[in-house]
Amino acid sequence: ALRHNAAAIIVTHNHPSGSTEPSAADRAVTLRLRDALAMLEIRLLDHFIIGDGSAMSLAARGWV
């Protein structure tokens with residue numbers, strides 16, 4: 001994000017289990033990342049979890 005002078009980013013990670021349900025750790029990391037990026041004036045737009053052929057948006061659940 002810094003190298004490209006980004007104003008905002010979207011992050012993603014996969015769950016090898018296939019479930020797209022976010023864990024407590026997923027939610028905590030999302031909030032920590034959002035807060036850290038805010039100090040650099042970079043917005044976290046979304047965090048997607050990829051599972052078995054589908055994706056889940058934490059922003060859609062209001063968790064970003």
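**View 1. Ser57 sits in strand β3.** This is a predicted model, in which local features need pLDDT of at least 70 and side-chain atom pairs count only at pLDDT 80 or more, while totals for chains, interfaces and linings use all residues. Residues are numbered from 1 along each chain as its sequence is written, and side-chain values use heavy atoms, with hydrogens and water left out. Helices (H or I, at least four residues) and strands (E, at least two) are DSSP runs, numbered from the N terminus. Ser57 is buried, at a relative accessible area of 14%. Buried means under 20% relative accessible area, exposed over 50%, and partly exposed in between (1.4 Å probe, protein chains only). The Ser57 side chain makes polar contacts to backbone nitrogens: that of Ala59 at 3.3 Å and that of Ala60 at 2.9 Å. A polar contact is a pair of N or O atoms within 3.5 Å; within protein, one must be able to donate a hydrogen and the other to accept it, and residues adjacent in sequence count only if both atoms are side-chain atoms. With neighbours within four places in sequence set aside, Ser57 is in contact with Asp46, His47 and Phe48. Contact means heavy atoms within 4.5 Å.

**View 2. Strands β2 and β3 form a hairpin.** The two strands run antiparallel and are joined by three bridges. Strand β3 covers residues 55-57. Phe48 stands opposite Ser57. Ile49 has Met56 as its bridge partner. Four residues lie between the strands. In the turn, Gly53 has a positive phi of about 75 degrees.

**View 3. Strands β1 and β2 run parallel.** Seven bridges join β1 (residues 8-14) to β2 (residues 43-50). Val11 in this pairing stands opposite His47 in β2. From β1, the chain passes through helix α1 (residues 24-39) to reach β2, and this β-α-β crossover is right-handed. The term right-handed applies if, with the strands pointing away from the viewer, the path from the first strand over the helix to the second runs clockwise.

**View 4. Three strands form an open sheet in the order β1-β2-β3.** Pairing in the sheet is mixed. Two strands pair if DSSP finds at least two bridges between them. The edge strands, β1 and β3, each pair on one side only. Neighbouring strands are turned by 25 degrees against each other on average, direction ignored. Axes are lines fitted to C-alpha atoms, for helices over the stretch in contact, and angles run from 0 to 180 degrees between N-to-C directions.

**View 5. Helix α1 lies across β1 and β2.** The helix runs at about 155 degrees to β2. Leu31 is in α1. Its relative accessibility is 36%, so Leu31 counts as partly exposed. Leu31 and Leu44 are 13 residues apart along the chain, and their C-alpha atoms are separated by 9.4 Å.

**View 6. Thr20 is found in the loop between β1 and α1.** Is Thr20 buried or exposed? Thr20 counts as buried, at 18% relative accessibility. Not counting residues up to four places away in sequence, Thr20 touches His15, Ile49, Ile50, Gly51, Ser54, Ala55 and Met56.

**View 7. Asn5 and Glu41 have positive phi although neither is a glycine.** Most residues other than glycine have a negative phi. Asn5 lies in the segment before β1, with a phi of about 55 degrees. Asn5 is exposed, at a relative accessible area of 67%. Glu41 lies in the loop between α1 and β2, with a phi of about 60 degrees. Glu41 counts as exposed, at 71% relative accessibility.

**View 8. The chain follows the pattern β-α-β-β along the sequence.** There are one helix and three strands. The C-alpha atoms fill a box of roughly 35 × 20 × 20 Å along the principal axes. Of the 64 residues, 27% are buried. Among contacts between residues at least 6 apart in sequence, 65% join residues at least 24 apart. The chain exposes about 4400 Å², with carbon and sulfur atoms supplying 55% of it. Accessible areas come from the Shrake-Rupley method with a 1.4 Å probe; for residues, only the protein chains shown count as cover.
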